[in-house]
Amino acid sequence: MADETDTDEDLGELVARTEEAASALLQGDLREYLRSLPHTHDYTLMPPTGGPPRRGHDSSDAAVEATAQFFQGGEVTLEVVETYASGALAVLVAIERQRGNVGGLPEQDWSLRITLVFRREESEWRLAHRHADALVHEIDMEQLAALARG
């Protein structure tokens, strides 16, 4: 395990890479996103749109093109809430403060609460899990119940 200084430096680098990756994704650049945040072979995603967890990450040419069509540009600032590291795992809890053109909708706030789990594989941190939701702004119980019902 790295000493505390190395872990702090590692976490600082992960925060910077995460912000770069979020910016690349919002620009529709899946290849740059994956370069900034390489994924583990057993990566899982809890997407902000809900539904079942997804396993693996599709980096095919079709996925690259679909990403470029879905994310049409914008700006991102990463607001770090907390970081944790222990051994070969690191967790980043943050808010991606985003404004952009997503999913064919006009430019708007696209901020997401995220939890990222990284695992060290050899000498590199890789993204093992991402959980994202759009509940940056608090909702009341009726709205939450409606979401829970689907």
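This passage describes the fold, surface and selected residues of a predicted protein model.

The model is predicted, so local features require pLDDT of at least 70 and side-chain atom pairs pLDDT 80 or more, whereas totals for chains, interfaces and linings use all residues. Residues are numbered from 1 along each chain as its sequence is written, and side-chain values use heavy atoms, with hydrogens and water left out.

The protein chain contains 4 helices and 7 strands. Helices (H or I, at least four residues) and strands (E, at least two) are DSSP runs, numbered from the N terminus. Along the sequence these elements follow the order α-α-β-β-α-β-β-β-β-β-α. The radius of gyration, taken over C-alpha atoms, is compared with a globule rule of 2.2 Å times the number of residues to the power 0.38. For 150 residues a compact globule would have a value near 15 Å, and the 16 Å of the protein chain agrees with this. Along the principal axes, the C-alpha atoms fill a box of roughly 45 × 40 × 25 Å.

Of the 150 residues, 35% count as buried. Buried denotes under 20% relative accessible area, exposed over 50%, and partly exposed the range in between (1.4 Å probe, protein chains only). The protein chain exposes about 9000 Å², of which carbon and sulfur atoms supply 51%. These areas come from the Shrake-Rupley method with a 1.4 Å probe; for residues, only the protein chains shown count as cover. Where contacts (heavy atoms within 4.5 Å) join residues at least 6 apart in sequence, 53% of them link residues at least 24 apart.

Thr-18 belongs to helix H1 (residues 4-26) and is buried, with a relative accessible area of 1%. Apart from residues up to four places away in sequence, Thr-18 touches Leu-37, Leu-78, Leu-92, Ile-114, Leu-116 and Phe-118. Leu-78, in turn, is part of strand E3 (residues 71-86) and counts as buried at 11% relative accessibility. The C-alpha atoms of Leu-78 and Arg-97 are separated by 6.0 Å, the two residues being 19 apart along the chain.

The count of aromatic pairs is 1. The ring centres of Phe-70 and Phe-71 are 5.0 Å apart and the planes stand at 85°, so the pair is edge-to-face. Under the rule applied, rings of Phe, Tyr and Trp (its six-membered ring) pair if their centres lie within 6.5 Å; planes under 30 degrees apart count as stacked, over 60 as edge-to-face and the rest as tilted. Phe-70 is partly exposed, with a relative accessible area of 39%, whereas Phe-71 is buried at 17%.

Trp-110 is placed in the loop between strand E5 (108-109) and E6 and is partly exposed at 24% relative accessibility. Leaving aside neighbours within four places in sequence, Trp-110 is in contact with Phe-71, Glu-96, Gln-98, Arg-99 and Val-102. Trp-110 and Ser-23 are 87 residues apart in sequence, with a C-alpha to C-alpha distance of 12 Å. Gly-104 lies in the loop between strand E4 (89-102) and E5 and is exposed, with a relative accessible area of 72%. The C-alpha atoms of Gly-104 and Phe-70 are 6.7 Å apart in space, across 34 residues of sequence.

Glu-122 is found in the loop between strand E6 (112-121) and strand E7 (124-133), and counts as exposed at 81% relative accessibility. The phi of Glu-122 is near 60°, a positive value in a residue other than glycine. Most residues other than glycine have a negative phi.
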